[in-house]
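Student: Could you take me through this model by question and answer, starting with a helix?

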Amino acid sequence: MHLTRREFLQIMAVAAAQGMPLTSGSAFAAARSGELYTLGKAPGNVTLMHFTDCHAQLLPVYFREPDVNIGVGDALGKPPHLVGDALLKHFGIKSGTREAHAFTYLNYVDAARTYGKVGGFAHLATLVKQVRAQRPGALLLDGGDNWQGSATALWSNAQDMIDASKLLGVDIMTGHWEFTYGAKRVQEVIAKDFKGQVEFLAQNVRTADFDDPVFKGYTLREINGAPVAIIGQAFPYTPIANPRHLVADWTFGIQEERLQRTVDEAKKKGAHAVVLLSHNGMDTDLKLASRVSGIDAILGGHTHDAVPQPVAVKNRGGTTLVTNAGSNGKFLAVLDLDVRGGSVKSSRYRLLPVFANLLDADPDMAALIKKHRAPYEAKLSEKLAVSEGLLFRRGNFNGSFDQLILDALLETKDAEIAFSPGFRWGTSILPGEAITLDDVMNMTAITYPQVTVSNITGENLKSLLEDICDNLFNPDPYYQQGGDMVRVGGLQYACNPTLKIGSRISDMRLKGKAIEAGKTYKLTSWAPVAEGATGEPVWESVTRYLRDKKSIKPPVLNRPRVTGIAGNPGMTAS
Amino acid sequence: MKQLRRNFLKLSGGAGAMAVAAAAGLLKAGSAWAAPWNKSAFESKAVADVQKSLGAATLIESKEITITAPDIAENGATVPVAVTSKIPNTQSISIIAENNPFPLAASFDIMPGGDSYVSTRIKMGKTSDVRAIVKADGKFYTAAKEVKVTVGGCG
């Protein structure tokens with residue numbers, strides 16, 4: 001690495017201040033582009049690569065990290081609830097650098113233009129090969145949310161992602177949005193496509209009737225002579241956050257006690273290292289790590305937190321490292337473990353941003369992607385409108401692309417209030433770029449896309465918002481579902497995340513007038529979880545709106561007035 | 001075998017299946033079909049009244065009672081709840097969903113020598129503490145766990 005002496009000293013000082021061992025990898029903050037992916041000498045014999053929540057993004061994308069990611073209770077001010085400068089400071093990343101761009105929203109548009117798009121399976125494939133060359137025997141783990149998030153995934157019943165994952169060399173995966181293709185499809189893929197190549201693991205999915213396991217819970221692999229157990233943990237709240245009727249015969253949940261038994265069994269069978277491939281979400285994983293013992297590392301996803309370094313959590317068995325590896329194919333995590341004498345002696349973790357400009361496209365993967373896109377390419381590349389401003393989704397309250405969807409729904413459905421789910425997937429569009437059908441699908445492609453219109457009383461509106469808000473800000477992570485707050489159009493409100501359910505939402509207003517409990521309001525929303533809902537797919541409403549407008553002014557973000565969190569480093573003061 | 005078990009029960013259908021399962025030893029001991037129906041306890045609308053009807057004037061918090069229930073219910077209409085009591089001479093286990101219109105959801109008499117473990121499914125209208133009341137040697141012990149019932153969506 002070509003560091004100046006001053007840079008070197010700065011990094012060391014910050015690393016020391018954070019109490020990080022000097023092998024912690026934050027020193028790559030100053031690496032020059034070409035050396036970003038040079039791992040150096042392996043500190044051990046075992047390497048696990050991990051990506052998660054790629055949301056079917058086969059092509060490179062822009063993805064803006066959140067400017068609001070509020071932590072409440074014990075999570076206040078701790079990773080992953082740090083944004084912008086607070087995040088850089090905590091992890092010792094220099095501002096204005098490539099890494100600062102990868103991990104934060106700061107100076108987003110200019111930096112995105114400078115450093116270019118991120119992810120894309122052809123570029124990811126090249127990076128995976130580079131890591132495999134430097135770390136022979138490394139396994140590739142996929143934390144799930146792979147099959148959903150694009151038009152081609154939806155229209156091919158996830159076949160494009162299944163084929164791409166196999167070509168990428170995924171060894172082990174778990175799931176969440178995979179289940180929204182229905183139980184039958186998941187089982188068919190595991191039995192046929194994945195057979196002998198990809199192991200799908202989930203210790204926490206059981207049949208609803210007899211509590212029988214649906215999937216294999218863990219696998220024991222020998223990596224360069226070291227026996228390593230990988231346990232799978234699917235998203236515990238799949239039947240709640242997504243339509244239950246799609247997995248009607250299965251029950252999920254965190255299943256802490258069963259997990260402990262699984263860890264103990266794996267150790268009994270000879271595992272010298274135990275790793276949990278988790279789709280719990282980072283807050284849940286942090287709590288889990290404090291209560292379940294014997295897990296060396298949790299490679300986590302779901303909450304899309306790009307956390308540069310693991311959080312070490314103490315429990316009665318020792319320490320568990322908890323990670324979260326971002327989303328949309330933007331990152332590849334590399335966990336090196338030194339497994340000797342029956343246990344893990346040391347570790348090193350890097351969360352490598354996948355910059356498409358720094359990694360040549362792998363020709364085989366590029367060809368596969370081209371083949372899968374060919375039938376839809378013309379349709380998907382249609383320019384529906386031009387965006388004058390930056391469009392993004394991620395953040396606790398509202399993103400500009402969600403605002404665009406809300407505006408489209410309010411207009412096309414002639415409603416007073418619009419709701420758009422607090423999904424964390426979805427890509428970003430820079431000012432001046434065209435919005436294509438591809439882009440619209442990247443924000444909306446789900447198997448239950450219906451737009452519904454209903455009448456709702458003010459009282460029910462309030463309890464609905466309280467309920468969703470509690471899924472985000474309940475101080476006990478086991479009661480959080482890992483999504484963001486529902487995006488709201490038309491209605492203004494105030495929100496105090498630190499209060500209890502029933503008290504967080506206040507001052508609800510429609511065009512300045514207070515919402516009345518007994519009055520009925522016309523509400524439109526999409527992504528109904530109830531079975532049998534009807535309505536046009538949301539992308540049709542949005543597409544019609546875009547074609548009609550041709551040019552989209554920067555959407556005016558309708559975010560709630562957030563109170564009670566002054567100084568919270570999960571929200572930038574504005 | 002597992003699939004066979006499932007099909008068998010489907011074919012047997014409803015209450016018949018339960019009887020067959022009980023006869024085959026598939027149900028845990030203590031289901032107590034013949035226990036007298038505590039009408040006033042099941043018709044009570046307040047937890048205090050349930051307690052009174054059960055004869056449990058004072059409750060002792062106990063760590064010997066384990067409640068296994070989801071943190072967030074997948075389906076409020078059928079929430080799986082299991083209770084294990086390690087308290088010696090456990091005589092009965094009652095399950096209460098505190099915020100239900102009729103809080104007492106189930107009550108099991110445990111035969112001497114039987115496993116002090118019961119498992120059932122209860123209906124919950126909204127978020128509530130699920131409380132177990134265990135009678136052992138004439139005394140009443142208790143533990144609770146919150147089960148959240150929430151609207152879905154937003155994954």
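**Helix, domains, contacts and sheet**

Tutor: At 1.5 Å a residue, the 14 residues of helix H14 (residues 400-413) of chain A should span 20 Å, and the end C-alpha atoms are 20 Å apart, so the two agree. The expected span is 1.5 Å times one less than the number of residues in the helix. Helices (H or I, at least four residues) and strands (E, at least two) are DSSP runs, numbered from the N terminus. This is a predicted model, in which local features need pLDDT of at least 70 and side-chain atom pairs count only at pLDDT 80 or more, while totals for chains, interfaces and linings use all residues. Residues are numbered from 1 along each chain as its sequence is written, and chains are lettered from A and ligands numbered from 1 in the order in which they are written.

Student: How many of the 14 residues of H14(A) are buried?

Tutor: A residue is buried if 20 or more other C-beta atoms lie within 10 Å of its own, exposed if 12 or fewer, and partly exposed in between, with C-beta atoms placed from the backbone. The buried residues include Ser400(A), Phe401(A) and Leu409(A). H14(A) is largely enclosed by the rest of the structure, because the number of its residues that are buried is 10.

Student: Which residue follows H14(A)?

Tutor: The residue that follows has a positive phi, near 50°. That residue is Asp414(A).

Student: Which helix gives the most residues to the side of domain 1 of chain A that touches domain 2 of chain A?

Tutor: Chain A is divided into domain 1 (42-58 + 118-368) and domain 2 (382-562), with bounds from an automatic or database domain assignment. Their contact takes 28 residues from domain 1 and 19 residues from domain 2, where two residues are in contact if their C-beta atoms, placed from the backbone, lie within 7 Å. Helices H6 (151-155), H9 (238-241) and H11 (282-291) of chain A each give two or more residues to the domain 1 side. The one that gives the most, with four residues, is H11(A).

Student: Which residue in S3(B) is the bridge partner of Thr66(B)?

Tutor: Chain B has an open sheet of three strands in the order S2-S3-S6, with antiparallel pairing; two strands pair if DSSP finds at least two bridges between them. Four bridges join S2(B) to strand S3 (residues 79-85) of chain B. In S3(B), the partner of Thr66(B) is Thr84(B).

Student: How many residues of chain A are in the contact with chain B?

Tutor: Chain B gives 15 residues to this contact. The number from chain A is 27.
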